[in-house]
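Subject: Structure for you to look at

Hello,

Please find the structure below, followed by notes on what was found in it. Have the 3D view open while you read.

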Amino acid sequence: MSRWPRSVYGVGNEPDPRFSMANERTFLAWLRTSLALMAAGVGFAALGPVGNALDLAVAVALLVTGVACSLSALQHWIACERAMRLGQPLPSPWMAAVLGVGLAVTGVLAAVLVITR
């Protein structure tokens, strides 16, 4: 049976299924977070206050943070699965920093928006 991606499943030994399932659950949790951020960006653009560049900046910051979170979640899932198969240490969760910085920027933009209204 051939599984995709080969860069993950074509190396090392099959890890304990519990660890692979935990890795998958973490990946799905990050995807839910990504989806929520993107939905907030679309919702803010569609239903929020409209009229200036700062409104658009908040919506775009939410969307970009959501996209970055989803892409980094996939990369982290692949890196963790490969590490488990190869008996290597798990990589650090750098996507938490991406999310933290993205949300900090969005929060500052939203605060400026609230203050200037």
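Thr65 lies in helix α3; helices (H or I, at least four residues) are DSSP runs, numbered from the N terminus. Thr65 is buried, because its relative accessible area is 6% and buried means under 20%, exposed over 50% and partly exposed in between (1.4 Å probe, protein chains only). Leaving aside neighbours within four places in sequence, Thr65 is in contact with Leu37, Leu99, Gly102, Leu103 and Thr106, where contact means heavy atoms within 4.5 Å.

Before you go further, note that this is a predicted model: local features need pLDDT of at least 70, side-chain atom pairs count only at pLDDT 80 or more, and totals for chains, interfaces and linings use all residues. Residues are numbered from 1 along each chain as its sequence is written, and side-chain values use heavy atoms, with hydrogens and water left out.

Helix α3 covers residues 53-86 and helix α4 covers residues 95-116; they pack at an angle of about 170 degrees, with axes 9 Å apart. Axes here are lines fitted to C-alpha atoms, for helices over the stretch in contact, and angles run from 0 to 180 degrees between N-to-C directions.

Which residues have the most contacts inside the largest nonpolar core? They are Trp30, Ala73 and Leu99, in a core of 13 residues. A nonpolar core is a set of buried Ala, Val, Leu, Ile, Met, Phe, Trp, Tyr and Cys residues joined through side-chain atoms within 4.5 Å. Helices α2, α3 and α4 each supply at least two residues of this core, and the largest share, six residues, comes from α3. Leu99 touches Trp30, Thr33, Leu37, Thr65 and Cys69, not counting residues up to four places away in sequence.

Next, Leu63, which is also placed in helix α3. Leu63 is partly exposed, with a relative accessible area of 29%. Apart from neighbours within four places in sequence, Leu63 is in contact with Leu37, Met38, Gly41 and Val42. Leu63 and Ala40 are 23 residues apart in sequence, and their C-alpha atoms are 7.8 Å apart in space. Ala40 is found in helix α2 and is partly exposed, at 34% relative accessible area.

Helix α2 (residues 17-47) also holds Ser20. Is Ser20 buried or exposed? Ser20 is buried, with a relative accessible area of 15%. The side chains of Ser20 and Glu81 are joined by a polar contact of 2.7 Å; such a contact is a pair of N or O atoms within 3.5 Å, and within protein one must be able to donate a hydrogen and the other to accept it, while residues adjacent in sequence count only if both atoms are side-chain atoms.

Finally, a cis peptide bond joins Trp4 and Pro5, with omega about -5 degrees.

Regards
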